[in-house]
Amino acid sequence: MAASGRLALGTLPRSSWVRGSGPAVLSRLRDAALVRPGFLSTAEEETLSRELEPELRRRRYEYAHWDAAIHGFRETEKSRWSEASRAILQRVQAAAFSPGQTLLPSVHVLDLEPRGYIKPHVDSIKFCGATIAGLSLLSPSVMRLVHTQEPGEWLELLLEPGSLYILRGSARYDFSHEILRDEESFFGGRRVPRGRRISVICRSLPEGMGPGGPGQPPPAC
Ligand SMILES: O=C(O)CCC(=O)C(=O)O
Ligand SMILES: [Fe+2]
Ligand SMILES: [Mn+2]
């Protein structure tokens, strides 16, 4: 049942997962902001959450200073993974990154509690390269991208559990991204109630920081 449900996702139009302020921005970001619903099988989702749960449980949720980007979260940077999870991360790498890109050595794991949310921000260009790829577990959420110079240009991504999103190039550099808080969590007219959400985020190194490049990779992004 679950497997056939996952397969059916592939036949739905892009508008089921991505909406935007107009056809121009939707077409411009076609290859720069992508969602792959059902990227993970339910077994893979369970593999990841089972492995992450004990590490996350050791930490406390943080309610950061009012101007911080993320509220109601705990996180870890993880570089050692089980073989099963490594296979999943390899699939993410193959799906989201080009062979010439080097990834940050550790994967960012972010646990947002049901009230948790992420304010609009652009990931540091000093510490992260052109591509950000994130798996979503447990709860659906809505990620909104807004052009930093033209606030009327926006995109919204529906991130179901098991989905993979990819932000690269213009979507990563010219648009802020945020995860909507529960009260504002709508995808078009559709309410997307927020529960606890775990994301597993792979990022490329800034260009020029690959092996043999000058700088040392940062501990986090
Ligand atoms: O949770 C996510 O998928 C995105 C997190 C994020 O934007 C960040 O850590 O910079
Ligand atoms: Fe971010
Ligand atoms: Mn971050």
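Two residues are in contact if their C-beta atoms, placed from the backbone, lie within 7 Å. The model is predicted: local features need pLDDT of at least 70, side-chain atom pairs count only at pLDDT 80 or more, and totals for chains, interfaces and linings use all residues. Residues are numbered from 1 along each chain as its sequence is written, while chains are lettered from A and ligands numbered from 1 in the order in which they are written.

The protein chain holds 5 helices and 13 strands (DSSP runs numbered from the N terminus; helices are H or I, at least four residues, and strands E, at least two). Its C-alpha trace spans about 45 × 40 × 40 Å along the principal axes. Of its 221 residues, 33% count as buried (20 or more other C-beta atoms within 10 Å of the residue's own, placed from the backbone). Among contacts between residues at least 6 apart in sequence, 81% join residues at least 24 apart.

Ser-136 lies in strand β6, residues 131-137. Ser-136 counts as buried because 28 other C-beta atoms lie within 10 Å. Beyond its neighbours within four places in sequence, Ser-136 contacts Ser-141, Leu-159, Glu-160, Pro-161, Ser-163, Arg-197 and Ser-199. Phe-187 is 51 residues from Ser-136 in sequence and 16 Å away in space, C-alpha to C-alpha.

Ser-199 is also one of the residues around ligand 1 (C-beta atom, placed from the backbone, within 6 Å of the molecule). Others include His-108, Asp-123 and His-177. Strands β5 (107-121), β10 (175-179) and β13 (197-203) each supply at least two residues of this shell. The largest share, 3 residues, comes from β5.

Methods: Buried ≥ 20, exposed ≤ 12 C-beta atoms within 10 Å, placed from the backbone.
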